[in-house]
Amino acid sequence: MDSTQPDNRLECLGTLVYPDGVQTSAIGLIFVCIPLTDVKENQLSFSEKYSVLFNDVATLYDKVRPGYPDGVIEKVLAYASIPEEGSILEIGCGTGQLTVPLTRRGYNITAIDRGPDLARVVRQNCRGFSKTQIINSTFEDWEGEAHSFDLVTSAQAYHWFDPH
């Protein structure tokens, strides 16, 4: 890179993405990062910056993000001793990599994601399942009923929560 040019890289969860090309991450997925030109970058928290990026590429993210192995899901459900038609809250559902397999198993799912495009994609992925409710909100702003779920999950989304 020419040292006289400004460094226009965007760090995207460990992968550096340049304006003229995309590098792949260590696990082979492509993360496309879009410069935050419409938002004052210095006014956003870390999680807000990256959630905007993932939301902006929701369809691509859905295509390249791997799901979870059935064996892992079965072990979690067995460990949690969820009733056959139990209620599950999923926080940070993304495009549904965990939501869809839980929905197919017949559980009552409430899935929350802060990204409107991510929520749109997961709604599309869960269409036809009446026991699944997708909520476009942050967990912190959501006004759900306390103690009304048999299991609360957050599959690789816990780092998006506001620790305060």
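Me: What makes Asp-70 count as exposed?
Reply: This is a predicted model, and in it Asp-70 has a relative accessibility of 51%. Exposed means over 50%, so Asp-70 counts as exposed.

Me: And why is Arg-105 called partly exposed?
Reply: Its value is 26%. Buried would need under 20% and exposed over 50%, so Arg-105 counts as partly exposed.

Me: How do you know that Arg-105 and Glu-74 meet in a salt bridge?
Reply: Their side chains come to 2.7 Å, N to O, and the cut-off is within 4 Å, so the pair qualifies. Arg-105 sits in the loop between α4 and β5 and Glu-74 in helix α3, so the bridge ties together parts 31 residues apart in sequence.

Me: What about Lys-131 and Glu-85, why is that pair a salt bridge?
Reply: The closest N and O atoms are 3.3 Å apart, and the limit is 4 Å, so that's a salt bridge too. Here the parts tied together are 46 residues apart in sequence.

Me: Which residues do shared partners join into one network?
Reply: Asp-70, Glu-74 and Arg-105. Asp-70 and Arg-105 also meet in a salt bridge, at 3.4 Å, N to O.

Me: Why is the pair of Trp-142 and Phe-149 called tilted?
Reply: The ring centres are 6.2 Å apart, and rings pair within 6.5 Å. The planes are at 50°; stacked needs under 30 degrees and edge-to-face over 60, so tilted is what remains.

Technical notes:
Residues are numbered from 1 along each chain as its sequence is written. This is a predicted model: local features need pLDDT of at least 70, side-chain atom pairs count only at pLDDT 80 or more; totals for chains, interfaces and linings use all residues. Side-chain values use heavy atoms; hydrogens and water are left out. Rings of Phe, Tyr and Trp (its six-membered ring) pair if their centres lie within 6.5 Å; planes under 30 degrees apart count as stacked, over 60 as edge-to-face and the rest as tilted. Buried means under 20% relative accessible area, exposed over 50%, partly exposed in between (1.4 Å probe, protein chains only). Helices (H or I, at least four residues) and strands (E, at least two) are DSSP runs, numbered from the N terminus.
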